[in-house]
Structure formats: structure tokens, C-alpha cells
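Here's a chain to look at, and a reader who is meeting it for the first time. Let's see what they ask.

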Amino acid sequence: NILSSTSNTTNTITFRISKKYEEFLRKKSEQERVSINTIANKIFGEYIEWQQFVEKLELLFYWNYCFK
């Protein structure tokens, strides 16, 4: 499981994002006094963890629906 790894190694990648998202990230990083990278990692982490939860939840609903 990718989320259970305790490794803190990082990779460098590049993204193109909408100007409005960049502006939001810059404002947010200033407000929280953290780097844009910190916020981006938080966003990615929350998205990935939430997606895994949703996929398990969908499977649970599917099983409940099929085996009533």
C-alpha cells in the first residue's frame, strides 16, 4: 500500500496548472506561512487517501446491493 509507506523520499516533477489555482496556492501558502510544495503535498495526499476510501466504500455499497 502506497499510503502505509513510512519513507519520506521525494521526487521532483513539473505541472501546468490554471492561473487561478496558482494564485490560490500562493495566497494560501502566504496565509499559512508554508511553501506551495507543502500545500501541494497536502492536497495530493488528501486526494489519494480520500479516493482509496471512496473506492472501498463504493465496493461495500455494491456488495450490499448485490447480496440483499
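What follows is a chat about the helices, salt bridges, rings and surface of this chain.

Reader: Before I dig in, what kind of model is this, and how are residues numbered?

Author: This is a predicted model, where local features need pLDDT of at least 70 and side-chain atom pairs count only at pLDDT 80 or more, while totals for chains, interfaces and linings use all residues. Side-chain values use heavy atoms, with hydrogens and water left out, and residues are numbered from 1 along each chain as its sequence is written.

Reader: How many helices and strands does the chain have?

Author: Helices (H or I, at least four residues) and strands (E, at least two) are taken as DSSP runs, numbered from the N terminus. By that rule, the chain has zero strands and two helices.

Reader: What share of the chain's residues is buried?

Author: Buried means under 20% relative accessible area, exposed means over 50%, and partly exposed is in between (1.4 Å probe, protein chains only). The chain has 68 residues, and the part that counts as buried is 6%.

Reader: What span is expected for helix 1?

Author: The expected span is 1.5 Å times one less than the number of residues. Helix 1 has 14 residues, and from its first C-alpha to its last it reaches 20 Å, close to the expected 20 Å.

Reader: How many salt bridges are there?

Author: A salt bridge needs a side-chain nitrogen of Lys or Arg within 4 Å of a carboxyl oxygen of Asp or Glu. Going by that cut-off, the number of salt bridges is three.

Reader: Which residues are linked in a network of salt bridges?

Author: Lys19 and Glu22 meet through their side chains at 3.5 Å, N to O, and Glu22 also meets Arg26 at 2.8 Å. Glu22 is in both of these bridges. The linked residues are Lys19, Glu22 and Arg26.

Reader: Why are Lys19 and Glu22 separated by about one helical turn?

Author: An α-helix has 3.6 residues a turn, so residues three or four places apart point the same way. Glu22 and Arg26 also lie about one turn apart in helix 1, at four residues. For Lys19 and Glu22, the separation is about one turn because within helix 1 they are three residues apart.

Reader: Which residue forms a salt bridge with Lys28?

Author: Look four residues along in helix 1, about one turn away. The closest N and O atoms are 3.3 Å apart, and the partner of Lys28 is Glu32.

Reader: Why is the aromatic pair called tilted?

Author: Rings of Phe, Tyr and Trp (its six-membered ring) pair if their centres lie within 6.5 Å; planes under 30 degrees apart count as stacked, over 60 as edge-to-face and the rest as tilted. The count comes to one aromatic pair. The ring centres of Phe15 and Phe44 are 5.5 Å apart with planes at 35 degrees, so the pair is tilted.

Reader: How many residues apart are Phe15 and Phe44?

Author: Phe15 sits in the segment before helix 1 (19–32), and Phe44 is in helix 2 (residues 36–66). The pair links distant parts of the chain, with a separation of 29 residues.

Reader: Which helix gives the most to the nonpolar patch?

Author: Patches use residues with over 30% relative accessible area and no salt bridge, joining like charges within 9 Å and nonpolar side chains (Val, Leu, Ile, Met, Phe, Trp, Tyr) within 5 Å. This patch has about 760 Å² of accessible area together, and its members include Phe15, Tyr21 and Phe44. Tyr21 lies in helix 1, but the one that gives the most, with three residues, is helix 2.

Reader: Which residues is Ser29 in contact with, leaving aside neighbours within four places in sequence?

Author: Ser29 lies in helix 1 and counts as buried at 9% relative accessibility. Taking contact as heavy atoms within 4.5 Å, Ser29 touches Val34, Ser35, Ile36 and Ile39.

Reader: What is the phi of Arg33?

Author: Arg33 lies in the loop between helix 1 and helix 2, and is exposed at 77% relative accessible area. Phi is positive here, in a residue other than glycine, with a value near 55 degrees.

Terms used: Areas by Shrake-Rupley, 256 points an atom, 1.4 Å probe, with all protein chains shown as cover.
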